[in-house]
Amino acid sequence: MAKHQFQTEIGQLLKLMTHSLYSNKEIFIRELISNSSDAIDKFNYMQLTDEAFKSDSWIGEINVKIDDEDNSLTISDNGLGMNEEDLMNNLGTIAKSGTKSFVESLTGDAKKDSNLIGQFGVGFYSVFMVSENVDVITKKAGEDQAFMFSTDGSGEFEIKPVTKDAHGTVIYIKLKEDEKEFLSKWKVQEVIKKYSNHIAYPIMMHFSEDETTGEGDDAVTTKVKKSEQANAATALWTLSKSELKKEDYIEFYKTLSHGDDEPLTYLHNKVEGGQEFTTLFYIPKTAPMDLYRADYQSHVKLYVKRVFITDDDKELLPTYLRFVKGIIDSEDLPLNVSREILQENRILANIKQNATKKILQAIKKLKDDDAVTFIEQYNKVIKEGIFQDHTNKDLLLDIVKYKSSTEEGMVSFADYVSRGDSEKKEIYYIAGEDEKVLRNSPLLEAYKKANIEVLIMADKEIDAIVAPSIGQYKEWSFKDITTIDAPDSKSDEEKEVISKEFKSLTDRLAEVLGDEVKEVKTTSRLTTSPSCVVKDASDPMAGMAHMFAQMGQEMPETPLILEVNPDHAMIQKLDKLENKSTFSDMAWILLDSAKLSEGLEPKDKSSFSARIARVATEAL
Ligand code: ADP
């Protein structure tokens, strides 16, 4: 017999389970049944594909026994079972990095928090909301020795060898005194129906009921043992759409997602003729916690002819759709398809392509609040899609939204185009890391003046890379306003005259600034600012940020062009300034403050302040 200490995080979790997550205790039944169903799935697959486990008589089944005299509930299955090592790894430690983030992400709102339990794969521990102590008696298929794992949930657990005939797992739950409601047949049945109705295996309930025979004085009441099947035991996705109501889909979603939320939308498709497969996908209302973690979990389960194959193949859908939950059930894949084969399987590639299109079309159809919620939760990953998935780029461009210089809220490209100049067919944007900086950029001045809408793309680490890769939307081309001439009312001849007039100033500035700028020139894009910096559009590196990102490299710095506003008093005075050292100070101030406005760093911060101090002193 061996006593063990729970991993620290589990200790924390257990405390939480027993003290905070009290509002939705019934979910422990869902969690244990779901574990049983997974274990049966695994054994089912083994017995169909491995001679050693072949059995003609085995049928997967889950049993729930209520014992009101003993104050206990027993949930058992004839699935894969666990050996000693499995018990240590699966129940004694949390292998996934989930627990810590789980504990960190708790909101204090009991209802929301209990929803998180399933998301983090800590389902088994939910049993401690209702139990005094728990025994897990289990035997792994193909092994001789069975084991019992026992704990009262207070920090220690014990594992010892026991005898058990068949493979599978029995979970014996001694209920707390005040949790007697789970001894009611009606309550347990209700919970099973609610969350586990479409678990594909029968869930048999065993209970005893008082039965009276005879009448009057002869009446005798005895306890009679009874059994009933509590669930429908059909895989929901195998039913036809016409048989299913919205409620059915939503309930199944709760089973699948281990949560209480309703999905934003769902889509159920059967494809027949040629390749045959069924898909059922859900889009959650809130993005999974691990959406931006490199070790995110897949939420799509692959079945072959209703036999569960895997739930951690991240290639079933494109990575940018990693928030989608659901099921793919193929009729054509071989049952014993191996992981390596899955990666490059033509049948699966075809399913993936079909599923991706269907999912994107369903997203595109979202309306009103649902569309808003979708963008709030998933806009960023859709942008990843634009970058990665050229086949579906058009659909993705119809879904993604951006902020705008002229409109409130988020706008789509379709919105933009409907307001834009249909002769020119250009979509203007400015992309960077910080919305405030972009909105205050001097480069926007000319567009504001001309009342031209500019999209503000400020999603950190995404927009600056994705935006240049978009290229076209329908016949409209994307224009980065930091690389193109701004709209203005002056003709080329007028600009030529102004440029000549200020040639000596721009030459002097260029001489002072040396290699820091590629060129200094006059501009008509500014109204209130004296200067701005723009990227050199003719530079071969311009617009290649996405290529560098694809190669996992930092973008080399492209040289900047300093543009000065000839209508600004500062520039006009500077043109006449003869004092060489003040002129040099001012040249650097013009460049550095223009860089600051674009969110760039001045070359040398301390010289920047020193120059301002010198010029200011002189002016005073
Ligand atoms: P999750 O099910 O999300 O992985 P749990 O804490 O509920 O998290 O379970 C941890 C692990 O313990 C499972 O992944 C599984 O490997 C194992 N396990 C739990 N219940 C059973 C069972 N009835 N039969 C076999 N293995 C089980």
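Axes here are lines fitted to C-alpha atoms, for helices over the stretch in contact, and angles run from 0 to 180 degrees between N-to-C directions. This is a predicted model, where local features need pLDDT of at least 70 and side-chain atom pairs count only at pLDDT 80 or more, while totals for chains, interfaces and linings use all residues. Residues are numbered from 1 along each chain as its sequence is written, and side-chain values use heavy atoms, leaving out hydrogens and water.

**View 1. Helix H10 meets helix H15.** H10 (residues 368-388) and H15 (residues 463-470) pack at about 45 degrees, with axes 9 Å apart. That makes H10 oblique to H15 (angles under 35 degrees count as roughly parallel, over 145 as roughly antiparallel, 65 to 115 as roughly perpendicular, the rest as oblique). Lys383, Ile386 and Phe387 of H10 make the contact with Asp463, Ile465, Val466, Ser469 and Ile470 of H15; contact means heavy atoms within 4.5 Å.

View 2. Most residues other than glycine have a negative phi. At 41% relative accessibility, lysine 305 counts as partly exposed (buried is under 20% relative accessible area, exposed over 50%, partly exposed in between, with a 1.4 Å probe and protein chains only).

**View 3. Now for lysine 474.** Here the loop runs between strand S19 (472-473) and strand S20 (476-480); helices (H or I, at least four residues) and strands (E, at least two) are DSSP runs, numbered from the N terminus. Lysine 474 has a positive phi near 50 degrees, and is exposed at 60% relative accessible area.
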